[in-house]
Amino acid sequence: MDTVSFFLVFLAIVLVGAALYLGAGIVKGRSIGAGLEQPVPNLPAVLLPEDAKPSDVDSLRFALGLRGYRMDQVDQVLDELRDQLKAKDREIERLGALVEPRLEDGETGRTRQ
C-alpha cells in the first residue's frame with residue numbers, strides 16, 4: 001500500500017468516527033459543547049441571614065457545577081468570614097460588658113448640658 005492510499009484510508013476512518021460521534025450526540029439530544037451553557041437557575045439562591053453568625057457560614061452549601069469556582073478558594077474566604085464574624089461578636093460582647101456596669105450605677109451615657 002502506498003502513502004496516498006494509507007492517508008485516504010486513515011482519513012476515511014477519522015471521518016466515519018467523527019460522524020458517529022456527532023450522530024450519537026445528536027441522538028441523545030445533546031449538541032457539541034453541551035454542558036457549557038449557563039446553568040439553569042433551578043436551585044434556590046444561597047444566602048446568609050441578615051444577622052449572620054459563624055455557624056451560618058459553617059452550614060453554607062453550594063451546588064456543584066461543571067464550571068465553577070475553585071473550592072479551596074471559596075472555603076478559604078468562608079473561613080475568613082466566619083472568623084471575622086466571631087471576632088465582631090466577641091468585640092460586641094466585650095463592649096457590652098463595659099457598658100452594663102455603668103448603666104447599673106445609674107449612668108445613662110448621656111452628656112449633661
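Buried residues have under 20% relative accessible area, exposed residues over 50%, and partly exposed residues lie in between (1.4 Å probe, protein chains only). The model toured here is predicted, so local features need pLDDT of at least 70 and side-chain atom pairs count only at pLDDT 80 or more, while totals for chains, interfaces and linings use all residues. Residues are numbered from 1 along each chain as its sequence is written, and side-chain values use heavy atoms, with hydrogens and water left out.

**The whole chain**

Begin with the cartoon view. The chain has three helices and zero strands, and its order along the sequence is α-α-α. Helices (H or I, at least four residues) and strands (E, at least two) are DSSP runs, numbered from the N terminus. Of the 113 residues in the chain, 8% are buried.

Next, display the surface. Accessible areas come from the Shrake-Rupley method with a 1.4 Å probe, and for residues only the protein chains shown count as cover. A contact means heavy atoms within 4.5 Å. Among contacts in the chain with a separation of 6 or more, 52% join residues 24 or more positions apart.

**Helix α1**

Select residues 3–27, which make up helix α1 and include Leu8. Then highlight Val4, Phe7, Leu8, Leu11 and Leu15: these residues form a nonpolar patch on the surface, with about 500 Å² of accessible area together. Patches are made of residues with over 30% relative accessible area and no salt bridge; like charges are joined within 9 Å, and nonpolar side chains (Val, Leu, Ile, Met, Phe, Trp, Tyr) within 5 Å.

**The nonpolar core**

Now select Ala52, Val57, Leu60, Leu78 and Leu85, the five residues of the largest nonpolar core. Such a core is a set of buried Ala, Val, Leu, Ile, Met, Phe, Trp, Tyr and Cys residues joined through side-chain atoms within 4.5 Å. In soluble globular proteins, nonpolar side chains tend to be buried together. Centre the view on Val57, which touches Leu48, Leu78, Leu81, Arg82 and Leu85, residues up to four places away in sequence not being counted.

**Asp56 in helix α2**

Move to helix α2 (residues 54–58), where Asp56 lies. Leaving aside residues up to four places away in sequence, Asp56 touches Leu48, Pro49 and Asp51.

Five salt bridges are found in a search of the whole structure. Side chains of opposite charge can pair when their charged atoms come close.

Select Arg82, found in helix α3.

Proceed to Lys88, which forms a salt bridge with Asp89, their closest N and O atoms being 3.4 Å apart. Lys88 is partly exposed at 40% relative accessibility, as is Asp89 at 24%.

Finally, select Arg94 and Glu91, whose side chains meet in a salt bridge (2.7 Å, N to O). Both lie in helix α3 (residues 71–104), three residues apart, about one turn of the helix. Arg94 is partly exposed, with a relative accessible area of 45%, and Glu91 is partly exposed at 35%. To close, select Asp58, Asp79, Arg82 and Asp83, which salt bridges with shared partners join into one network.

Technical notes: Salt bridge = Lys/Arg side-chain N within 4 Å of Asp/Glu carboxyl O.
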